[in-house]
Amino acid sequence: TRDMAAAEAALAEAFAAALAAWPRGAIPDNPEAWLFAAAKRKLIDAARRRRTAADSEAQVQLAIEELEAEMAGKPDEPDLHEQCGRIRLSLRQWNAAEKSFRQVIELDAENPHALVGLATALARQGKNEVAVETLLSALGLQHFLPAGHFQLGAILAVLGLYRNRVG
């Protein structure tokens, strides 16, 4: 490729690897060749990771489409909407995740896991105050909910309210 930034980053990583490895052992006979070979391997690895990520995202998108087709046949099944919401969270599709979790809550208003999922989607969209209220509702339904407590602490810290609520 002609991506100079990626080439520079790969070469910098190769230099860092050399600085870590060479003092412990013998310097290679041709250090320049070693650096270029290491940089080339890093570029190839990065390309593989990008390709794998793209393939994975395509597979997840296909899973969502299949889940949505199943939901069309069972629109009153909260578990299907919750699964879809969790997948959308993993894809960082915050608005779509929010919509899925709201559908779960519409079908099952006392589902604390759906409330935590909704709060996560809301927080990722910067709607932190609403997310806090949603989490407090979830924790009111089920006190032992580690994900809910974690999310609440994280959002309160972002809001600068952690010490006020906890301390």
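Predicted model: local features only at pLDDT ≥ 70, side-chain atom pairs only at ≥ 80, totals over all residues.

**Notes on the model**

1. Let me begin with Q125, which sits in the loop between α5 and α6. With a relative accessibility of 24%, Q125 counts as partly exposed (that class lies between buried, under 20% relative accessible area, and exposed, over 50%, with a 1.4 Å probe and protein chains only). Apart from neighbours within four places in sequence, Q125 is in contact with W94, N95 and E98, where contact means heavy atoms within 4.5 Å.

2. Residues are numbered from 1 along each chain as its sequence is written, and side-chain values use heavy atoms, with hydrogens and water left out.

3. On the overall fold, the chain has eight helices and zero strands (DSSP runs numbered from the N terminus: H or I of at least four residues for helices, E of at least two for strands). The radius of gyration is 23 Å, whereas a compact globule of 167 residues would have one near 15 Å; the value is taken over C-alpha atoms, and the globule rule is 2.2 Å times the number of residues to the power 0.38. Along the principal axes, the C-alpha atoms fill a box of roughly 70 × 50 × 25 Å. Buried residues make up 31% of the 167 residues.

4. A97, E98, S100, F101, V104 and I105 are buried in α4. They cover an arc of only 165° around the axis, so they lie on the same side of α4; the arc is that of the directions from the helix axis to the C-beta atoms. On the other side, N95, K99 and E106 are exposed. The buried residues pack against α3 (78-90) and α5 (112-124).

5. Which residues touch the most other members of the largest nonpolar core? Of its 22 residues, they are F101, A131, L135, L152 and I155. A nonpolar core here is a set of buried Ala, Val, Leu, Ile, Met, Phe, Trp, Tyr and Cys residues joined through side-chain atoms within 4.5 Å. Helices α4, α5, α6 (128-141) and α7 (146-159) each supply at least two residues of this core, and the largest share, eight residues, comes from α5. A second, separate core of seven residues includes A10, A14, A18 and L35.

6. N128, in helix α6, counts as buried at 13% relative accessibility; leaving aside neighbours within four places in sequence, N128 is in contact with A123, I155, V158 and L159. Q59, in helix α2 (residues 31-73), is exposed, with a relative accessible area of 57%. Q59 and E82 are 23 residues apart in sequence, and their C-alpha atoms are 19 Å apart in space.
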